Amino acid sequence: MTPGGRRGVARTLAFLFLSFTPACSAHQPAAPRTGADAPIARGVAPSSPPAPPRHQAEDDDPDDIDGVSTPLAPASARSAAKGTPIQHGRATYYADKFNGRRTASGERYNPRALTAAHRTLPFGAVVDVVRRDGRRVRVRINDRGPFKRGRIIDLSRKAAERIGLIQDGVTQVTLELIWKPARRPR
């Protein structure tokens with residue numbers, strides 16, 4: 001066999017291996033498929049769905065990468081409608097003195113990451129924070145707080161800059177649920 005032929009066989013084998021190997025996931029398994037996307041034939045195992053895209057900033061700024069990969073699945077897979085308003089209230093942002101300190105999830109606070117603190121949403125949940133004027137930013141929950149009455153979310157500095165919160169300090173927002181991790185079985 002020629003060296004070029006060996007490469008072709010190796011590529012074919014690699015393609016077949018990757019095509020029929022289920023994707024690994026560090027998170028919980030996806031919700032069972034029902035309705036229109038359920039498999040039609042009996043006895044046929046459903047193929048694994050493609051991996052959801054990793055959340056990227058609008059300007060693809062390399063500083064937005066905070067070292068934690070959070071797969072984003074459609075909220076419908078987690079029994080919530082995408083963009084569902086879940087809360088109205090006031091938003092603030094983290095002070096610079098918290099840079100590098102551990103958050104409640106165990107991560108270190110990075111002011112250049114698009115993250116936030118919320119009292120009750122599970123860690124890893126993704127929400128859109130929408131101002132009344134329409135400016136919005138998508139953040140991942142990785143901390144608990146704020147603990148001041150009337151405030152519903154604390155944003156990282158980068159997220160606050162995206163919606164113009166730095167100048168105002170506190171503003172009225174609506175939180176829209178985008179993705180929420182599945183509950184862990186007990």
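## A tour of the salt bridges

A search of the whole structure finds nine salt bridges, each being a side-chain nitrogen of Lys or Arg within 4 Å of a carboxyl oxygen of Asp or Glu. Before you start clicking, note that this is a predicted model, where local features need pLDDT of at least 70, side-chain atom pairs count only at pLDDT 80 or more, and totals for chains, interfaces and linings use all residues. Residues are numbered from 1 along each chain as its sequence is written, and side-chain values use heavy atoms, with hydrogens and water left out.

**First stop.** Select Arg 140 and Glu 107: their salt bridge has its closest N and O atoms 2.8 Å apart. This pair links distant parts of the chain, 33 residues apart, with Arg 140 in strand β4 (residues 136–143) and Glu 107 in the loop between β1 (84–93) and β2 (115–117). Strands (E, at least two residues) and helices (H or I, at least four) are DSSP runs, numbered from the N terminus. Both Arg 140 and Glu 107 are buried; buried means under 20% relative accessible area, exposed over 50%, and partly exposed in between (1.4 Å probe, protein chains only).

**Next stop.** Now pick Asp 133 and Arg 131, whose side chains form a salt bridge at 4.0 Å, N to O. Arg 131 is buried, at 10% relative accessible area, whereas Asp 133 is partly exposed at 47%.

**On to a helix.** Show helix α2 (residues 157–162), where Arg 157 and Glu 161 sit four residues apart, about one turn of the helix. Their side chains meet in a salt bridge (3.5 Å, N to O). Arg 157 is partly exposed at 26% relative accessibility, and Glu 161 is partly exposed at 46%.
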